[in-house]
Amino acid sequence: MSQDVQAKKPVIFSGVQPSGRITLGNYIGAIRNFALLDQEYDCLYCVVDLHALTVRQVPAELRRQTLELTALYIASGLDPQRNIIYCQSHVPQHAELAWILNCFTYMGELGRMTQFKDKSAQHKDNINAGLFTYPALMAADILLYQTNLVPVGADQKQHIEITRDIAQRMNSLYGDLFVVPEPYIPKATARIMSLSDPSKKMSKSDEDENATITLLDKPEDVRRKLRRAVTDSDASIRFDEEQKPGVSNLLTILSACSGKSVDALVQEMEGQGYGVLKDRTAEAINETFAPIQAEFHRLIKDKEYLTGVLRENAGRAQALAARTLRKVYKKLGLYQL
Ligand code: TYM
């Protein structure tokens, strides 16, 4: 973020939950785009640990995954000086604003959220209030920083829409409280699918380990998982998400990792079998991951450095967040000392 906050660039905010191993879907759908945007925007990238608590976490694993995600953000090319890379629970204003936004969010709106419906079906024994009000905390993350743009995958679109609705509702009641944010969802990579069931998105919480490639998978694991990836019996390499979801997903991944267009790849592989597509996709993933993994393994050994980044950036985020929260408290009529 620039030192001169007066000559402000537009703001980007995005977050990833430290709730499991970070996947190829998280990387291609979101994290990779963060690094592409950081020159033109002031960016905040958050490890959203409070959101992760909506599902039971093992405390020691949550701590480890928080540090791992911090290291992965940096290893993926995000400079922690230029970008504010920090942890949600280190900035208390997120939880404070979330309470306020909860009072301006309707039960009916929250009940329509697909993520709530999916997670309640997955965790029938723990359908907690946090899972239900999750979008209000997410709206607080975004609105606290007067965010203009939110780069996410397609699964988060509905949460950005409710954030916009809450912002507009409060702006019309109290004057201009918040910038109304726009989603940034590049279509080609908006939804990376499971390798085992290409009708489902690739997800951190999938219990089938062959369904998901994680950013820290070893090259031989990537090759093995790709070889097992579900395709179809038609044996022609074409992009057709309806008829050939498995093959289309591999082409999307190969295109994202190689930088070649899907059309060019289809031409190059004309007449070849799925084995070639799978091997090429595995190699392109491994080439993309190699420098990230090397940097990750170097960084993760330096806990002091990573903790220092989180500490310093929590301070920078707090300074910005406090400004918005003060304005909100004042406009809503909370008595000022
Ligand atoms: P999370 O942790 O589930 O995922 C992090 C990011 O990765 C994207 N993503 C995908 N993109 C393409 N294909 C996939 N298969 C795939 N899987 C995940 C997600 O869309 C997301 O961008 N609620 C958010 C975290 C969050 C947040 C925020 C995001 C909390 N506050 C404020 C933006 C702004 C989530 O659960 O992401």
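**Helix packing and the ligand site**

Let's start with a pair of helices. Helix 7 covers residues 129-143, and helix 8 covers residues 157-174. The axes of helix 7 and helix 8 come within 9 Å, and they cross at roughly 70 degrees. That makes helix 7 roughly perpendicular to helix 8. Please keep in mind that this is a predicted model.

Who touches whom here? From helix 7 we have Tyr134, Pro135, Met138, Ala139, Ile142 and Leu143. They meet His159, Ile160, Ile162, Thr163, Ile166 and Ala167 in helix 8. Sort the residues of this contact by class, and you get ten nonpolar, two polar and no charged.

Next, helix 7 again, with another partner. Helix 4 runs over residues 93-102. Helix 4 and helix 7 pack with their axes 8 Å apart, at an angle of about 120 degrees. The two helices are therefore oblique to each other. Their crossing is right-handed. On the helix 4 side, the contact uses His94, Ala95, Leu97, Ala98, Leu101 and Asn102. On the helix 7 side, it uses Thr133, Ala136, Leu137, Ala139, Ala140, Asp141 and Leu143. By class, the contact of helix 4 with helix 7 holds nine nonpolar residues, three polar and one charged. Note Ala139 and Leu143: they touch helix 8, and they also touch helix 4.

Third pair. Helix 4 also packs with helix 13, residues 303-332. Here the axes come within 10 Å and cross at roughly 25 degrees. Angles under 35 degrees count as roughly parallel, so helix 4 and helix 13 are roughly parallel to each other. Helix 4 passes helix 13 in a left-handed crossing. Helix 4 brings Gln93, Glu96, Leu97 and Ile100. Helix 13 answers with Gln318, Ala321, Ala322, Leu325, Val328, Tyr329 and Leu332. The classes in this contact are eight nonpolar, two polar and one charged. Leu97 is on both lists for helix 4: it meets helix 13, and it is in the contact with helix 7.

Now the ligand. How many residues surround it? The count is 27, and the closest are Tyr134, Asp141, Asp155, Ile192 and Lys204. We have met two of these names already. Tyr134 is in the contact with helix 8, and Asp141 is in the contact with helix 4.

The side chain of Asp155 has an N or O atom 2.5 Å from an oxygen atom of the ligand. A polar backbone atom of Met202 is 3.0 Å from a ligand nitrogen atom. At Gly25, a backbone N or O atom lies 3.3 Å from a nitrogen atom of the ligand.

Methods:
Residues numbered from 1 in each chain as written. Predicted model: local features only at pLDDT ≥ 70, side-chain atom pairs only at ≥ 80, totals over all residues. Heavy atoms only, no water. Axes fitted to C-alpha atoms, helices over the stretch in contact; angles between N-to-C directions. Helix = DSSP H or I, 4+ residues; strand = E, 2+ residues; numbered from the N terminus. Parallel < 35°, antiparallel > 145°, perpendicular 65-115°, else oblique. Left-handed = near helix turned anticlockwise from the far one by under 90°. Contact = heavy atoms within 4.5 Å. Nonpolar A, V, L, I, M, F, W, Y, C, P; charged D, E, K, R; others polar. Near = heavy atom within 4 Å. Polar contact = N/O pair within 3.5 Å; in protein donor to acceptor, adjacent residues only side chain to side chain.
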